[in-house]
Each structure stands twice: as structure tokens, then as C-alpha cells.
Amino acid sequence: MLRIRRLKIDIATSNGMYGFETSFNDGLNFVASEDNTRGKSSIIAAIYYCLGFEEIIGGKGEKVLTSVYKSSIEDGENIYPVLESGAYLEISNGLETITVYRSAKMENRKYQLVTVFYSGIDRKGNSDVLKEDMYVHMQNSAVNKKGFHSFLESFLHIQLPLVPSTDDKTRKLYLQLIFAAMFIEQKHGWADILSGMPVLGIRESKKRVLEFIVNLDTLENEKRKDYLRARESSIRSEWSSIIKEIIVLTNRESCTTHGLPIHPKVLTDEDFLAISIKKEDIRLNEYVDTLRDRYNQLSVLKPKIVDNFDEIQKELNATELSIEEFERDIYKCRSLLHSENTSIEKITNNLEMIEADIRNNKDAARLRDLGSEISLMTSEDICPVCHQSIQDTLIPNSADMDFMSVDENIRHLTAQKEMLEFAKNSYFKNSSTLKVRIEHLESGLFTLRSLAKSLRNDLYSINENISETVIHKRLQLDSEITSLDRLNQFFTDQQSRLLGLSNDWKIMLEEKEKLPKKKLTELDEKKIKSLRNNFVNNLTNFGYKSVFNLNTVEISLDSYLPVIEGFDMKFDSSASDNIRAIWAFVIALLQTSNNISGNHPGLLIFDEPAQHSIMINDVEKFFNSIIEMNNSQVIVGITIKDIETREAVQRLPATKYKLINIPNKAFRKFSDSE
């Protein structure tokens, strides 16, 4: 819920302080004057500007505001230059009230800076009132803690969805887009339904906004589809990686794979059993068994030792020394690897803290550059990171020492970050090198132990008829058995991973099947039907005549905008009926949201809705439809230059609206007491 409670515009001139101040009620509020040059649109623009929604008007910053904010102000026949200007907007979410200040022209304050007072306008100057500086229209202002629109999202108790952007990423649905469906400004807003919506890089922005306001389940379904697409891509990638590893290692051992599914699938028991590795057309397990049989047959034979006993003993001693050396090296490498991994963990933690410090300092610098003077801690000798006094030091004569500014802090922290990232990369490289080294040492250790085993067998043998060729064959067989055992163990492990991915794939497919087959759920269809009925009822009430049979008007299931026989109904509408259609649709969104617990904040703004000489009876019906709505606030900027319009307003129930009359010029000179 959003309600505008008060607006105060301050304009400092060489002739003193000028401005405008008023309050707003729930329900219907008129900002009225007798002609169109009194400043109504300038007043309404201040509301947009304070909320950071001026892109709806057509740009960013003070350039969208009229000259009265920036250059000069007229007072009778006199013209005075504007020295400074800005606006205070008091808003409420139904529970809390805050005041938002944004400058339009100020020498040391940029337009991106927004100050939030945690009170109403009357109390904003009190010493006990908290205030906070934030920024708008800068990178991450919709997501960062100090971003005003991030704050406003939280203040309004809404949760903006992540939606696809034009750069194939997901971004928050910006508040400016949502309120463009509720704030209809004078110049661009009356061209078409939602024509004032700015271009902010959100794909199908109008559709996304309407889904959010009406709270369609399809938005959640789209997010679910995106998640499942990402999950599918992840499974495919991991599956492909496993297959490549298996193929590389089997080829290295001159083996072949059979029954290995290249692409993800749901593996049945039959599929799983069909996956195998073969060598010489024999399953790997069976092939290794044949090698063991041959090895065991050779083990029955004893090597000749009469002539070479000393040589065998010497070789065994050397082999055992090598084994001890390899074991020491492995232990040393593992210790170093543990040390490297510990260092990586410590550096990672330090990097996280430094990155947080950099963000805090950059936010402080950003607010300072915008002109903030609130909690400028470094100017008060307070560290913006740890909030301690800068003078807190054990070093003597600290008064004579220079302390780093915010910018110097940022440069210092950035340099620290770069140094730590360099160190982290070095530790990663060392870790990878050690892992490879350990793998090679373990492989060599296996070979040495195998050789030692063969040598011991030779020393204790008594058969003198066996040649050294037998020993060589046994060693060769032992090495091959060891390599194939490793391959077999690796293959078994990867089979388990494939089975796990197969189960994930099955779950993903089941989740995809659960997605609605139709574009909309039954509840969504009811919501769309409610929107269509409210829209058509409003068209009828407002005197829409361009279409003879309004039963042909539908809400497109592709865009959620009104169509006739699949075409934009604007093509069948006269200029005045196009205005009626905009009235009808904008109000229907609020009516539908109220009926089905949607996400509409309950605020509408119409600047000069009586366009193209619309009959006054239809304008009066438009006003009455606003009065009949519950849980709403509507601000209407209107020119009352003829007696018919004045009488139409006067015929409304006096207790149901507030008239903010601008008799001459909106911006007048304030008295000293004001």
C-alpha cells in the first residue's frame, strides 16, 4: 500500500523562498486550476520526482522538471532567478510514515541523492528524527541496501519478482515500470494503454507488470520453467563431462565402452547393466580375472637364485629404500597440500571481509559525491567500516599523523584485494601441482611395492630352472592388473554418478510434466476474466462507442492487454474513446487487484484525463467510478475552465473528494513563518 500524505516544494530565489504545500486524502483528490498554465503538472511531477519515477515523464533527473525548478519563477510582472529547489514528499504504507526529500537544483547535491526522514514533514527537523541518505538512478540502486528503490520496495512490503531481461539475464521488475501502469502523465500517458512505460531492458515489460499487479500464477510458473531449464542444462553438462572422462581413460588403456548413453536419460536396470568396458571384446572384469590367472600360474614357478642372489638382495634393498623415500615424499606433499588449502580458506575469508569493506566505503563515497552530509564519518574522525574513532591508536603522537580518506581507503583496500587474489591464485596453482605430484608418487609407490613383492618372492624361491623373463612378465602383468583395477574402480564410481544424474533427470522431467499444460492456471483464467469484466463494465460506464458489440473485447492471453478479434483495440477506437479505454483499463487493474488480493499499491495519478473534448457526462462517470472504489487513493490534475466541468465536480458528494484549488500560480512566496 502506498499513500501520498503531503507534498512541500521549496524554491529559493533572490526574492526569498517560494513554493507549494498541500496534503492529500484517501479517495479522490483534485489538483485543479482554471487554465492549463498554473503549475498543476509541475506539482504532480514533483511526486514522480521524489519517488524516483521521473522516467515515466520521459527522462532522469531534474531535466524532466519545468523551468520553475531550475531557472526562474514569475511573481506578477517580476521574474526571479532560482537559486536552489527541491521537494519533500510524505508517504505512508498504512503502518509507517516517512518523508522523502530530493533536490532539483542545488550546487553541492546531485539529483541521484535521496534523503529519507523517518517522520512526517512537520517533524523532519526535530533532533530525535532519524534520517538516511540513499541513491537512485545509479547501478544497483534497486538491489543495494543504500539504493532508494530497494528501500522503497521494502517499505511498501512488496517482493519484486526476477524477470527475463533483454541481455538474457534475470533482473528485478523495476518499480518505475510497475508505477507506469498507475501514473498517467499528461504528455505521453494518453497515447495508448501503458504508453508511459519507460524502456529499462526488461523483456516484455508490460506483460511482466500486468502479471505482477494481477498476481498471476504464470509468473511463478515462468520462474519454475527457468529453474528447470537451468537444471536441465546443468545435468547435461555434468553428464557430458563424465562421458568424456570415461572415454579418455578407457582409450588410454586400449579399452572400449559399450552401452554408454551419450546424452542424459532415465536409466532402467537393463540400461545400467548394459553399460560396460571391454578389452579385446572381453568385459573388463573378466579380462582382469584372466590376467590374474596368468599371474598366479607364473607365481608357481620360482626364479633362479644360485648365480644372482646378491644382486637380487641389493636390488630389493634399493627398492625398499626407494619405497621409504616415496612414502616420505608423499607425506611431505600431503602436509604441504593441507597447508596450501588452509591458506586458501583463510585468504577466501579475508577477501570476503575486504570486499564488504570496499562496498561500504564506495557507498560512503557515492553518497558524499552526491552531496550527502549525513553521517559523513570520515569528516567526524570515525571509520566508516568499524565505526571506531580514528584517534583510537596505540601509536604515540597520533595527532601529528595523517589518516586515510574514504578514497584512499578504497584504493588501499582494492590493492589489498588484488594482492590477496594474486596470492590465492598462487596457492591454487601450488595445490594443483601438489595433487599431480602426489598422484605420480602414489603411482610410483604402487610400482615399487609390486617390484619389491616380486623380488622377495625371487629371494625365497628354490627352483633354478626359471629365467628372468618370467619375472619381467609377472611385473608387467602386475602393472597392467593394477592399471585396469584403477580403471574399473573409476568406471564403477562414474556409473554411480550417472545413476544419480539419471534420477535427477527423471525428477526434472516429472517436474516439467507437472507444469500447466495450458498457458494459464484455472485461477489465472478467473483473474483474467475478472480483469476483462471490470474493463468492459468501465468501457460501458464511460460511454465507449467505437465498438458496437463490447462482447468482442477480450484480454489477450499473450500480452494481457485488451484486443478485439486478436488486434489492438486502439485501431478501432476514436481519439476520445482511446482515452476512455485508458481510464477503463487503469481503473480495472486496481478493481481486479482489490478483488483477488493482487499486488496493486492502491494509488493512481491522472494528469488531465479529460482529453480530446470528452463529453462532461462521461468525465463525471469517471470521477464517480473512482469514488466508488475502496482501498484507493487517486490524484487527478484537472483544468476547470468551463462551467460544465465545474458543475460536474460540484455534483460529486462533497465528503468523497478533496479539491486542491490553484487560483493563480501554484508557486507563491512563503511567509517567514512557513
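## The hairpin

Glutamate 280 takes a positive phi near 55° in the hairpin of E13 and E14, which has two residues between the strands. Two bridges join E13 to E14 (residues 282-283), and the strands run antiparallel. Lysine 279 stands opposite isoleucine 282 in E14. On terms: strands are DSSP runs of E with at least two residues, helices are runs of H or I with at least four, and both are numbered from the N terminus. Two strands count as paired if DSSP finds at least two bridges between them.

E13 (residues 276-279) also pairs with E12 (residues 256-258), again in the antiparallel sense, over three bridges. Histidine 258 has serine 276 in E13 as its bridge partner.

## About the model

This is a predicted model, with local features needing pLDDT of at least 70 and side-chain atom pairs counting only at pLDDT 80 or more, while totals for chains, interfaces and linings use all residues. Residues are numbered from 1 along each chain as its sequence is written, and side-chain values use heavy atoms, leaving out hydrogens and water.

## The parallel sheet

Five strands make an open sheet with parallel pairing, in the order E11-E18-E19-E3-E20. E11 (183-184) and E20 (657-662) stand at the edges with a single partner strand each, so one side of each has no neighbour in the sheet.

Further in, E3 (residues 27-33) and E19 (residues 633-639) pair in the parallel sense over seven bridges. Asparagine 29 has isoleucine 635 in E19 as its bridge partner.

## Serine 431

Serine 431 sits in helix H10 (residues 406-459). What does serine 431 contact, leaving aside its neighbours within four places in sequence? Leu337, Glu340, Asn341 and Ile344, where contact means heavy atoms within 4.5 Å.

Serine 431 is buried, at 4% relative accessible area; buried means under 20%, exposed over 50% and partly exposed in between, with a 1.4 Å probe and protein chains only.
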